[in-house]
Amino acid sequence: MKAVVQRVARASVAVDEQIVGEIAGGLLVLLGAAQGDTPAQAELLAAKIAKLRVFTDDAGKMNRSVLDISGSVLVVSQFTLCADVRKGNRPAFTGAAAPDIAQDLVDYFCSCLQQQGVANVQTGEFGAHMHVDLLNDGPVTIIMDTNEWEKKSC
(Lines give C-alpha, C1' and ligand atoms only; values in the text may rest on other atoms or scores of the structure.)
Protein backbone atom coordinates (compact mmCIF):
# COMPACT_ATOMS: atom_id res chain seq x y z
CA MET A 1 0.00 0.00 0.00
CA LYS A 2 1.11 3.52 -0.69
CA ALA A 3 0.32 6.58 1.36
CA VAL A 4 1.05 10.26 1.15
CA VAL A 5 0.73 11.57 4.70
CA GLN A 6 0.38 15.30 5.29
CA ARG A 7 0.26 17.10 8.61
CA VAL A 8 -2.68 19.49 8.39
CA ALA A 9 -4.26 22.26 10.41
CA ARG A 10 -7.54 21.28 8.72
CA ALA A 11 -8.71 19.19 5.79
CA SER A 12 -11.96 18.25 4.11
CA VAL A 13 -13.16 16.24 1.16
CA ALA A 14 -16.27 16.99 -0.86
CA VAL A 15 -18.30 15.07 -3.42
CA ASP A 16 -20.76 17.03 -5.56
CA GLU A 17 -20.02 20.12 -3.45
CA GLN A 18 -21.11 18.31 -0.26
CA ILE A 19 -18.50 17.72 2.45
CA VAL A 20 -18.30 14.00 3.20
CA GLY A 21 -15.28 14.08 5.54
CA GLU A 22 -13.68 16.86 7.56
CA ILE A 23 -11.05 17.18 10.29
CA ALA A 24 -9.37 19.91 12.29
CA GLY A 25 -5.73 19.26 13.25
CA GLY A 26 -4.27 15.92 12.33
CA LEU A 27 -3.25 13.96 9.26
CA LEU A 28 -4.53 13.78 5.71
CA VAL A 29 -3.73 10.37 4.24
CA LEU A 30 -3.98 9.83 0.49
CA LEU A 31 -4.09 6.04 0.25
CA GLY A 32 -3.47 3.78 -2.73
CA ALA A 33 -3.97 0.02 -2.83
CA ALA A 34 -1.93 -1.89 -5.39
CA GLN A 35 -2.39 -5.37 -6.82
CA GLY A 36 -1.17 -7.91 -4.30
CA ASP A 37 -1.54 -5.64 -1.27
CA THR A 38 -2.80 -7.47 1.82
CA PRO A 39 -4.68 -6.79 5.04
CA ALA A 40 -1.38 -7.32 6.88
CA GLN A 41 0.07 -4.38 4.96
CA ALA A 42 -2.96 -2.26 5.88
CA GLU A 43 -2.39 -3.13 9.55
CA LEU A 44 1.31 -2.27 9.34
CA LEU A 45 0.67 1.03 7.57
CA ALA A 46 -2.09 2.05 10.00
CA ALA A 47 0.14 1.30 13.00
CA LYS A 48 3.03 3.26 11.50
CA ILE A 49 0.85 6.27 10.66
CA ALA A 50 -0.91 6.31 14.05
CA LYS A 51 2.47 6.40 15.81
CA LEU A 52 4.28 8.65 13.32
CA ARG A 53 5.90 11.44 15.32
CA VAL A 54 5.39 14.51 13.13
CA PHE A 55 3.75 16.89 15.60
CA THR A 56 5.88 19.24 17.67
CA ASP A 57 6.42 18.95 21.39
CA ASP A 58 7.00 21.83 23.81
CA ALA A 59 10.64 22.04 22.68
CA GLY A 60 9.60 22.46 19.04
CA LYS A 61 10.80 19.00 17.97
CA MET A 62 8.66 16.62 15.93
CA ASN A 63 8.14 14.18 18.76
CA ARG A 64 4.38 13.60 19.02
CA SER A 65 2.03 11.37 17.09
CA VAL A 66 -1.56 11.97 16.06
CA LEU A 67 -2.46 9.80 19.06
CA ASP A 68 -0.42 12.01 21.41
CA ILE A 69 -2.23 15.16 20.28
CA SER A 70 -5.69 13.50 20.12
CA GLY A 71 -5.75 14.46 16.44
CA SER A 72 -7.91 13.20 13.61
CA VAL A 73 -7.13 11.43 10.35
CA LEU A 74 -8.84 12.03 7.02
CA VAL A 75 -8.31 9.09 4.63
CA VAL A 76 -8.87 9.64 0.92
CA SER A 77 -8.53 6.66 -1.41
CA GLN A 78 -6.41 7.50 -4.44
CA PHE A 79 -5.70 4.82 -7.01
CA THR A 80 -3.53 7.27 -8.95
CA LEU A 81 -0.77 6.67 -6.38
CA CYS A 82 -0.31 3.36 -8.20
CA ALA A 83 0.42 5.08 -11.51
CA ASP A 84 3.18 3.74 -13.72
CA VAL A 85 4.84 6.59 -15.60
CA ARG A 86 7.94 4.75 -16.83
CA LYS A 87 6.75 4.61 -20.43
CA GLY A 88 5.30 7.54 -22.34
CA ASN A 89 3.48 10.50 -20.87
CA ARG A 90 0.13 8.96 -20.03
CA PRO A 91 0.08 7.16 -16.67
CA ALA A 92 -0.95 3.51 -16.60
CA PHE A 93 -3.01 2.38 -13.64
CA THR A 94 -2.85 -1.37 -14.23
CA GLY A 95 -0.91 -1.82 -10.99
CA ALA A 96 -3.81 -0.56 -8.87
CA ALA A 97 -5.89 -3.14 -7.04
CA ALA A 98 -9.31 -3.97 -8.46
CA PRO A 99 -11.94 -1.57 -7.03
CA ASP A 100 -13.68 -4.14 -4.82
CA ILE A 101 -10.39 -5.32 -3.34
CA ALA A 102 -9.09 -1.77 -2.95
CA GLN A 103 -12.25 -0.61 -1.19
CA ASP A 104 -12.03 -3.49 1.27
CA LEU A 105 -8.37 -2.64 1.99
CA VAL A 106 -9.12 1.07 2.46
CA ASP A 107 -12.01 0.27 4.81
CA TYR A 108 -9.83 -2.19 6.73
CA PHE A 109 -7.02 0.39 6.95
CA CYS A 110 -9.48 2.87 8.50
CA SER A 111 -10.67 0.30 11.04
CA CYS A 112 -7.03 -0.44 11.89
CA LEU A 113 -6.42 3.25 12.58
CA GLN A 114 -9.37 3.17 14.99
CA GLN A 115 -8.01 0.00 16.62
CA GLN A 116 -4.71 1.85 17.09
CA GLY A 117 -6.60 4.48 19.08
CA VAL A 118 -7.33 7.22 16.55
CA ALA A 119 -10.72 8.40 17.80
CA ASN A 120 -11.78 10.39 14.73
CA VAL A 121 -11.17 8.76 11.35
CA GLN A 122 -12.97 10.45 8.45
CA THR A 123 -13.02 9.31 4.83
CA GLY A 124 -13.79 10.43 1.35
CA GLU A 125 -16.16 8.49 -0.89
CA PHE A 126 -14.50 5.55 -2.58
CA GLY A 127 -14.55 5.78 -6.38
CA ALA A 128 -16.10 9.25 -6.47
CA HIS A 129 -14.67 12.39 -8.02
CA MET A 130 -13.58 14.27 -4.91
CA HIS A 131 -12.32 17.75 -4.10
CA VAL A 132 -9.81 17.75 -1.27
CA ASP A 133 -9.20 21.00 0.59
CA LEU A 134 -6.40 21.26 3.13
CA LEU A 135 -4.29 23.68 5.06
CA ASN A 136 -0.88 22.06 5.20
CA ASP A 137 0.90 22.52 8.52
CA GLY A 138 4.65 22.91 8.12
CA PRO A 139 4.47 21.68 5.45
CA VAL A 140 5.14 18.12 6.55
CA THR A 141 4.59 15.50 3.84
CA ILE A 142 5.81 11.90 4.08
CA ILE A 143 5.50 9.19 1.44
CA MET A 144 5.13 5.60 2.61
CA ASP A 145 5.14 2.38 0.61
CA THR A 146 4.76 -0.95 2.41
CA ASN A 147 6.24 -2.76 -0.59
CA GLU A 148 9.49 -0.83 -0.10
CA TRP A 149 9.60 -1.87 3.55
CA GLU A 150 9.38 -5.53 2.56
CA LYS A 151 12.23 -5.52 0.03
CA LYS A 152 15.11 -7.67 1.09
CA SER A 153 18.71 -6.82 0.32
CA CYS A 154 21.14 -9.47 -0.91
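View 1. Strands here are DSSP runs of E with at least two residues, and helices are runs of H or I with at least four, numbered from the N terminus. The model is a predicted one, in which local features need pLDDT of at least 70 and side-chain atom pairs count only at pLDDT 80 or more, while totals for chains, interfaces and linings use all residues. Residues are numbered from 1 along each chain as its sequence is written, and side-chain values use heavy atoms, with hydrogens and water left out.

**View 2. Surroundings of valine 73.** Valine 73, which lies in β6 (residues 72-77), counts as buried because its relative accessibility is 0%. Beyond its neighbours within four places in sequence, valine 73 is in contact with residues including Ile23, Leu27, Val29, Leu113 and Val121, contact meaning heavy atoms within 4.5 Å.

**View 3. Strand partners of β6.** β6 pairs in the parallel sense with β3 over 6 bridges, and with strand β7 (residues 120-123), also in the parallel sense, over 4 bridges; pairing requires at least two DSSP bridges between two strands. Valine 76 of β6 is the bridge partner of leucine 30, while threonine 123 of β7 is the bridge partner of valine 75.

Definitions and conventions:
Buried means under 20% relative accessible area, exposed over 50%, partly exposed in between (1.4 Å probe, protein chains only).
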